[in-house]
Amino acid sequence: MEEKKQLQVPEINTTLRQDTIQLPEVIRSCSGIKIFGKKIKSIVYSTDIAIIRNINADAVIAVYPFTPHPTITKCITEAADIPVFSGVGGGLTQGKRSVHMSMFAESQGAIGVVVNSPTPMSTIKDIHDVIAIPIVGTVTSIYADIEAKLEAGVAILNVSGGKHTAQIVQDIRQSFPEVPIIATGGPTEASIQATIEAGANAITYTPPTNGALFSQKMDKYRVLEKENYEKIHHSTK
């Protein structure tokens, strides 16, 4: 049998976009999750608009350790050129505020809303009753009641269990073979691959901070400045 020919993928870039953050290629090996016809494999974990506009992720998960606010949701969804999963609370923020935030996120174009692990099932049910986009439920440990979350209306699980993430994913996959799972991949290609092999359909990636990226760029500028200085002074001797 003739082997299937691998198609070449043309790649286009420009000088002004050459610093775009490239996610680890291993993420491409996961199955992805198709939402409203869009297949999503890689998800950047960030609320930094500059990062979001300069990364090759398929989507962004915009959750943050503060009370969710409509202004933040509005800014991110308007600035992003990729689908946005918007955080709507679940820890300190629950009940009606989470419901209202979910409605606002949907009206602003979010592809899904994310509820934190402590979110009461009653809040998840109330959100599920009023929005037409999927609810992403965060799972942080093996003690999460997955069945209750799914019954309440969670459509996608978001596993963020630190070093135990791959094991949690594997445990969930054994009991719920069809549920869509997003998971943190960790800092290395090996840890990302392990999470995918455990059963994750999509991977979240935490990018370098602006400070770290600027530090790398400043190092290059210092080298260039030194070279220019030596060139000028060498030519005048």
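Author: Let us begin with two helices: α6 (residues 165-175) and α7 (residues 189-198) pack at an angle of about 10 degrees, with their axes 8 Å apart. A word on the source: this is a predicted model, in which local features need pLDDT of at least 70, side-chain atom pairs count only at pLDDT 80 or more, and totals for chains, interfaces and linings use all residues. Residues are numbered from 1 along each chain as its sequence is written, and side-chain values use heavy atoms, with hydrogens and water left out.

Reader: Why are α6 and α7 called roughly parallel?
Author: Angles under 35 degrees count as roughly parallel, over 145 as roughly antiparallel, 65 to 115 as roughly perpendicular and the rest as oblique. The angle here is about 10 degrees, so α6 and α7 are roughly parallel to each other. Such angles run from 0 to 180 degrees between N-to-C directions, and the axes are lines fitted to C-alpha atoms, for helices over the stretch in contact.

Reader: Which residues make the contact between α6 and α7?
Author: T165, A166, V169, Q170 and R173 of α6 meet A194, T195 and A198 of α7, where contact means heavy atoms within 4.5 Å. By class, this contact has four nonpolar, three polar and one charged residues. Ala, Val, Leu, Ile, Met, Phe, Trp, Tyr, Cys and Pro count as nonpolar, Asp, Glu, Lys and Arg as charged, and the others, Gly among them, as polar.

Reader: What makes α2 roughly parallel to α3?
Author: Helix α2 (residues 70-79) and helix α3 (residues 95-107) pack at an angle of about 20 degrees, their axes 10 Å apart. By the cut-off of 35 degrees, that makes α2 roughly parallel to α3. The contact is made by P70, T73 and K74 of α2 with M101, F104 and A105 of α3. Four nonpolar, one polar and one charged residues make up this contact of α2 with α3.

Reader: How do you know that S98 is buried?
Author: Buried means under 20% relative accessible area, exposed over 50%, partly exposed in between (1.4 Å probe, protein chains only). S98 has 1% relative accessibility, so S98 counts as buried. S98 lies in helix α3 and touches V88, G89, G90, T93, T123 and I127, not counting residues up to four places away in sequence.

Reader: What makes G153 count as buried?
Author: The relative accessible area of G153 is 11%, so G153 is buried by the limit of 20%. G153 sits in the loop between α5 (146-152) and β8 (154-159). Apart from neighbours within four places in sequence, G153 is in contact with I124, H128 and I135. Across the whole protein chain, 41% of the 237 residues count as buried.

Reader: How many helices and strands does the protein chain have?
Author: There are eight helices and 10 strands. Helices (H or I, at least four residues) and strands (E, at least two) are DSSP runs, numbered from the N terminus.

Reader: In what order do the strands of the barrel come?
Author: Eight strands close into the barrel in the order β3-β4-β5-β6-β7-β8-β9-β10, with parallel pairing. From one strand to the next, the twist averages 25 degrees.

Reader: What makes β9 and β10 a pair?
Author: Two strands pair if DSSP finds at least two bridges between them. Strand β9 (residues 181-184) and strand β10 (residues 202-205) have three bridges, in the parallel sense, so they pass the definition. A183 stands opposite I203 in β10.
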